Amino acid sequence: MSGPRYVCVHGHFYQPPRENPWLEAVERQDSAWPAHDWNERVTDECYGPNATARILDREGRIDDITNNYARISFNLGPTLLSWLEEAQPRVYAAVLDADRESRERFGGHGSAIGQVYNHMIMPLASPRDRVTQVRWGLRDFERRFGRRPEGMWLAETAVDTASLEVLAEHGIAYTILAPHQCARVRAPNGAWVDTRGQRVDPRRPYLARLPSGRSIALFFYDGPIARAVAFERLLDDGHRFAERLLGAFDGRAEPQLVHIATDGETYGHHHAYGEMALAVALARIEETPGVQLVNYGQMLELHPPTWEAVIAEDTSWSCMHGVERWRSDCGCNSGTGWHQKWRAPLRAALDWLAAELEPRYEREAGRMLADPWAARDAYIDVVLDRSAAGVQALLGDHAVAGLDDDGWRRRAVALLEMQRHLMLMYTSCGWFFDEPSGLETIQVLRYAARAIQLAYGLFGVDLEAQFRQRLAEAPSNRPEYKDANGIYRELVRPSQIDLEHVAAHFAIASIFDDVPSRTVRGFDADMVEHDLVLTGSSRLATGRLRVQSRVTLEAGDYSFAVLHLGDHNLIGGLKDFDHPATHVGMHGALRHAFDRADITEVVRQIHRHFDGRTFSLRSLFPEDRAAVLERLLEERTRSVEQTLEQVYEQTAPLMRFLQSLDQTAPDVFRVAAEYTVQIRLHRVISAGLGIDLAVVSRLLEDAVEAQIVLDPIALGRALLASLNAITQAVVEEPESLPLAQKLAEVAAFVASSPWKMELAEPQEALWRHMRAHLPAWRLRGEDGEALRAAIASAAVSLRVHPPRL
């Protein structure tokens with residue numbers, strides 16, 4: 001008779017830190033289009049859908065919606081969770097809810113496990129970095145999930161004994177490894193058996209006894225099944241996925257655990273709709289007699305390991321050469337055919353930088369902090385709470401007596417920030433891909449640049465030139481860059497900013513905002529004085545502002561003036577605020593010239609008063625610059641649109657006549673028609689609750705008649721936004737029959753539309769709405785029949801099956 005059988009699926013959900021190190025915000029990444037950035041793109045395709053995974057009936061309608069995270073084991077990296085908390089709070093809350101639900105499902109054991117903080121390759125990390133990575137990962141987890149993690153994910157499952165020692169020392173019960181990372185095992189009272197070559201039996205937990213006398217449990221996942229999920233399209237069919245997992249059991253009497261680990265992004269991002277296959281597989285397994293879903297924590301409680309294992313040192317799940325992918329041209333790549341000779345020089349350059357700054361940090365921080373390295377370990381609390389109280393709490397615990405001066409406080413924070421960036425620059429993704437000009441390697445170079453900048457402010461030492469000399473030894477595959485130094489020059493250096501740059505940004509923004517913004521990215525501004533005057537199309541802003549970094553607490557006080565002459569014609573000046581009389585004199589001279597409409601004199605006075613320290617629209621942060629330019633272009637764009645619409649109205653009858661004669665209309669006629677019909681259609685479709693489908697139909701007929709090729713992506717996104725708005729309105733006013741009928745009408749149009757749309761959000765909202773209100777409508781008889789009929793019609797169009805109640 002076979003023993004107990006268990007199944008566990010682990011998802012490693014992770015994105016590297018993508019924030020601009022100076023702005024502490026993720027900037028637009030064009031390669032992630034149509035999303036703003038890759039975090040948003042993968043959230044739309046994976047992290048969000050796994051929180052609301054749809055299970056279809058035989059007719060392809062949504063029959064159930066489930067939170068996959070609650071039924072699997074998972075880790076979401078701290079850098080991803082931090083972004084989700086701010087940018088995608090709904091998904092973030094679903095992840096936390098799933099962990100709470102999993103504790104009820106799995107005997108008190110939460111399915112979420114920790115991760116070393118910024119995905120540093122632990123065998124290549126310094127001893128101090130190993131400890132801080134674990135401590136920051138633990139603290140981040142505790143703050144979010146309200147408990148300590150039982151397990152911890154090692155970046156790329158890269159492992160050595162020293163890393164296991166750190167995990168065990170901090171109370172981590174287990175970690176998950178690939179089967180080839182096991183060197184040998186032994187049964188209770190048995191002899192050691194060599195398991196190299198993926199010969200370990202993954203269906204039981206193992207215990208690793210460490211030199212310190214501590215121990216930690218190891219789970220070696222099923223390699224062939226994991227590979228089939230990740231690379232062999234096993235997720236094409238959720239039932240086949242379940243069968244593959246269930247088919248891995250044998251007839252032994254001892255308990256068996258069939259488990260896999262893959263990148264969580266496999267479920268939806270790498271494999272479209274993979275989250276649906278996972279949901280189906282989990283449901284199928286739950287229905288299978290004699291098999292139980294578990295997470296690793298529950299498995300350890302039910303069946304503690306009796307077998308022992310020894311790891312293969314310095315190995316990982318994604319490099320067949322151990323951990324060489326992160327320090328050499330080992331041959332592991334993405335298949336581009338490019339070399340990776342840059343990997344070793346890049347690591348050497350970063351190692352050099354860390355070695356240069358570590359003793360300086362220890363010496364300088366030692367003057368202010370009782371234990372500089374303990375303070376660094378505790379600095380995660382400030383990273384999680386960027387408030388004055390958070391900084392004060394840290395310094396209250398770690399500063400030497402008498403450190404209460406603001407200047408010393410800022411210096412201590414800057415030292416700790418430098419250390420944070422020295423760790424972030426080792427994020428594993430910087431070496432994973434094939435070319436150093438990729439986003440991930442640029443990011444680690446940015447962290448290094450930020451550490452260099454902070455070091456210059458702290459110690460007066462400029463290490464950039466020597467650092468760049470070392471980068472020049474890292475060859476790029478792209479001739480336009482030549483080497484990593486060229487990449488640094490072209491793609492890293494331009495992103496650097498200082499406090500004066502930030503002040504210029506606020507000054508420019510103040511000329512366009514009725515209420516000047518007081519917060520941008522990681523900075524706060526106090527507009528001490530602000531005077532805005534207009535004459536014709538020109539405007540002049542003068543004032544005084546104080547700017548402070550919310551991260552380093554660095555602050556500056558500035559006088560400024562900005563002159564805008566319309567369109568992109570803008571000039572401004574900025575300097576340190578020195579004396580009230582000087583500031584008043586500057587304001588009076590500029591205002592006097594502006595009131596006389598003597599623009600030439602205003603420009604001359606800006607140059608004179610600010611000693612040539614001038615700026616233009618280029619000084620705005622890129623995304624804000626784009627928003628300002630869009631605003632500036634709005635009036636001119638509308639004027640051109642009106643002209644094109646007039647051309648279209650005048651030429652449409654002639655175009656129809658030419659078409660009846662099989663004659664081609666002039667290109668200028670076609671351009672006017674294509675633009676006008678597209679823009680009108682987009683305008684109507686984007687109207688949300690005000691969408692008029694009769695007008696939409698007429699415009700579509702015009703497009704067909706004029707043989708206009710419409711943009712299916714732009715129109716699909718616009719239509720989806722309106723559908724979401726209408727669905728949300730129905731949810732908020734469940735008794736409104738007009739809204740329900742509007743939803744039915746628009747849903748029917750969506751169902752017949754050829755435009756590309758991902759309907760998960762309105763489908764989920766409608767499914768939950770029906771679940772909440774159908775019973776009440778049924779009890780009301782005829783009174784609720786109209787509402788029920790309208791909602792049912794929308795459900796048919798959106799392929800949502802009424803929930804089983």
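A residue counts as buried when its relative accessible area is under 20%, as exposed when the value is over 50%, and as partly exposed in between, using a 1.4 Å probe and protein chains only. An α-helix has 3.6 residues a turn, so residues three or four places apart point the same way.

Just after α21, Asp-611 takes a positive phi of about 50°.

## How to read the model

This is a predicted model, in which local features need pLDDT of at least 70 and side-chain atom pairs count only at pLDDT 80 or more, while totals for chains, interfaces and linings use all residues. Residues are numbered from 1 along each chain as its sequence is written, and side-chain values use heavy atoms, with hydrogens and water left out.

Helices (H or I, at least four residues) and strands (E, at least two) are DSSP runs, numbered from the N terminus.

## The six-stranded sheet

Six strands make an open sheet, in the order β15-β16-β17-β18-β19-β20, with antiparallel pairing. The edges belong to β15 (519-520) and β20, each with a single partner strand, so one side of each has no neighbour in the sheet. Two strands pair if DSSP finds at least two bridges between them. Strands β17 (residues 538-549) and β18 (residues 555-564) run antiparallel and are joined by 10 bridges; Gly-543 has Phe-560 in β18 as its bridge partner.

Helix α20 (residues 580-595) packs on this sheet, touching β16 (523-535), β17, β18 and β19 (570-576), and its direction makes about 155° with that of β17. For such angles, axes are lines fitted to C-alpha atoms, for helices over the stretch in contact, and values run from 0 to 180 degrees between N-to-C directions.

## Strand β11 and its partners

Five of the six residues of β11 are buried, so the rest of the structure largely encloses this strand. Strand β7 (residues 174-177) pairs with β11 in the parallel sense over four bridges, and Tyr-174 stands opposite Ala-217 in β11.

On the antiparallel side of the story, four bridges join β10 to β11, with Arg-209 partnered by Ser-215 in β11. β10 and β11 form a hairpin with five residues between them, and Gly-213 in the turn has a positive phi of about 100°.

## Salt bridges

A salt bridge here is a side-chain nitrogen of Lys or Arg within 4 Å of a carboxyl oxygen of Asp or Glu, and the structure holds 67 of them. One joins Glu-165 to Arg-214, with the closest N and O atoms 3.8 Å apart. Glu-165 sits in helix α5 (residues 161-169) and Arg-214 in the loop between β10 (206-209) and β11 (215-220), 49 residues apart. Glu-165 is buried at 14% relative accessible area, whereas Arg-214 is partly exposed at 37%.

Arg-613 and Glu-500 also meet in a salt bridge (2.5 Å, N to O). Arg-613 lies in the loop between α21 (599-609) and β20 (614-615) and Glu-500 in helix α19 (residues 499-512), so this pair ties together parts 113 residues apart in sequence. Elsewhere, a network of salt bridges links Asp-201, Arg-203, Arg-204, Asp-250, Arg-252 and Glu-254.

Notes
Contact = heavy atoms within 4.5 Å.
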